[in-house]
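Below are some notes for a colleague who is opening this structure for the first time. They are set out as numbered points.

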Amino acid sequence: MRAGRIAAPKDTPARTAQLLAGLRRCGLAATTPPDPGLGPLKAVHAEGYLEFLRTAYGRWQALTEPGPEVLPNCFPYWNAQPGMPARPPCPSRHIIAEAGYYLGDLAVPVGPATWDAVRASASGAVAAARAVAGGEGAAYALCRPSGHHARADRASGFCYVNNAAIAAEILCAAFGRVAVIDVDAHHGDGTQAIFYARGDVLTVSVHADPASYYPFFTGYAEERGAGAGEGCNLNLVLAPGAGDAEIAAATRAAARATLNFGAKALVVALGFDSHADDPIGVLKVSTGGFRAVGETLGALGVPTVIVQEGGYALPVLADCLAEFLTDFA
Ligand SMILES: [Zn+2]
């Protein structure tokens, strides 16, 4: 749903084809990751939520006149405060109640292949993180669907399972202190929420001002973490229309925070929806603008997992990825 209309999805398989082309342009061969099982997902997500994703489509079919996909028609009240440790459990086990509880907006339908796709996407993040934990300097995970809006117990914004957070947990176990730098145009609200009270994971998000852009309810500079995580969350907000110079400066600020934090490993949540041509974007970054982003993050010189997030301008995706990776390397 977009502005009250059913809109054609922007997250299409053609994105994957373009990103694979970007890898080939860099001389990188993609491999299909093995299925790691649910263990790495359970390290981040509530078991009831994963069980919902696994079973929702089948349960939906038992409704009278079910639609083609699971989509909620009612939502529980939720106050959106990032310091709120947990929601009360869903008091009803009815599929319509659970759809409203676990699906946070109307951009996360659950169809017959959703669970398989979500697991395959997460498998890439797990494989990349395990490669880096095992000694590789860097690895790129071509994840689709994206993950950074997914909370421990809630899907939203095209995201079901938080691939970057899953990678960060694996790196935490291997390296101790980890930073997540999210340069997608949207605030990484799910990643922020998952690590908000953690002192061993720094979360930094560079994104368009949520006062006028999704996800609206979080992503503001005053959200700095809570409890043991006080000071370990940094939101770097870009004004609508910001371009190459602004994203480069914000990425440098994110890198400085990562150095000050003493991160031993890094997860980059990489989105290209800050590109000027993006059909749902408000920023004006050029294709070449991702070179400085890649160079700054690569210069940190720490073991790094790069997880693909958004980016919907099909004609430029391959070049954006190639520009980023070339200068990162
Ligand atoms: Zn995005």
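1. A place to begin is Tyr101, a buried residue with a relative accessible area of 9%. This is a predicted model, and that applies to every point that follows. Tyr102 also counts as buried, at 10% relative accessibility. The rings of Tyr101 and Tyr102 form an edge-to-face aromatic pair, with 5.0 Å from centre to centre and 85° between the planes. Both residues belong to one aromatic cluster, which also includes Tyr49 and Phe52.

2. The aromatic pairs in the model come to six. One of them is the pair of Tyr101 and Tyr102 described above. Another edge-to-face pair is made by Phe272 and Phe290, at 4.9 Å centre to centre and with 85° between the planes. This pair links distant parts of the chain: Phe272 is in the loop between β5 (265–270) and α9 (289–298), while Phe290 is in helix α9, 18 residues apart. Phe272 is buried, with a relative accessible area of 1%, and Phe290 counts as buried at 1% relative accessibility.

3. Which residues hold the zinc ion? Its protein donors come from Asp184, His186 and Asp273, where Asp184 gives two OD entries, His186 gives ND1 and Asp273 gives OD. These donors lie 2.0 to 2.8 Å from the zinc ion. Along the sequence, the donor residues follow the spacing D-x1-H-x86-D. Asp184 counts as buried at 1% relative accessibility, and His186 counts as buried at 7%.

4. The geometry of the zinc site is irregular, with angles of 52 to 154° among the four donor atoms. Water is not among the atoms, so sites may look incomplete.

5. The structure holds 12 salt bridges. In one of them, the side chains of Arg15 and Asp11 meet with 2.7 Å from N to O. Arg15 counts as buried at 1% relative accessibility, and Asp11 counts as buried at 15%. Asp11 and Arg15 are also part of a network of salt bridges that includes Arg144.

6. Pro145 is found in the loop between β1 (138–141) and α6. A cis peptide bond is also present from Tyr214 to Pro215, with omega near 10°. Pro215 lies in the loop between β3 and β4 (233–238). Such places deserve a look, because most peptide bonds are trans.

7. Phe158 has a positive phi of about 70° and is placed in the loop between β1 and α6. For Phe216, phi is near 60°, also a positive value, and the residue is in the loop between β3 and β4. Most residues other than glycine have a negative phi. Is Phe158 buried or exposed? Phe158 is buried, with a relative accessible area of 18%. Phe216 counts as partly exposed, at 39% relative accessibility.

8. The side chains of Arg54 and Glu51 meet in a salt bridge, at 2.8 Å from N to O. Why are these two separated by about one helical turn? They are three residues apart in helix α3 (residues 47–60), which means a separation of about one helical turn. Arg54 is partly exposed, with a relative accessible area of 46%, and Glu51 is partly exposed, with 37%.

9. The salt bridge of Arg198 with Glu169 has its closest N and O atoms 3.0 Å apart. This pair links distant parts of the chain, 29 residues apart: Arg198 is in the loop between α7 (189–195) and β3 (201–208), and Glu169 is in helix α6 (residues 163–175). Arg198 is partly exposed, with a relative accessible area of 24%, whereas Glu169 is buried, with 19%. The two fall into separate classes because buried means under 20% relative accessible area.

10. Arg177 lies over the face of Phe261, at 4.0 Å from the ring centre.

Definitions and conventions. Residues numbered from 1 in each chain as written. Predicted model: local features only at pLDDT ≥ 70, side-chain atom pairs only at ≥ 80, totals over all residues. Heavy atoms only, no water. Donors = N, O, S within 2.8 Å, 3.2 Å for Na, K, Ca; no water. Tetrahedral: all angles 85-135°; square planar, octahedral: opposite > 155°, others 65-115°. Buried < 20%, exposed > 50% of the residue type's maximum accessible area, 1.4 Å probe, protein only. Salt bridge = Lys/Arg side-chain N within 4 Å of Asp/Glu carboxyl O. Helix = DSSP H or I, 4+ residues; strand = E, 2+ residues; numbered from the N terminus. Phe/Tyr/Trp six-rings, centres within 6.5 Å; stacked < 30°, edge-to-face > 60°. Lys NZ or Arg CZ within 6 Å of the ring centre and 35° of its normal.
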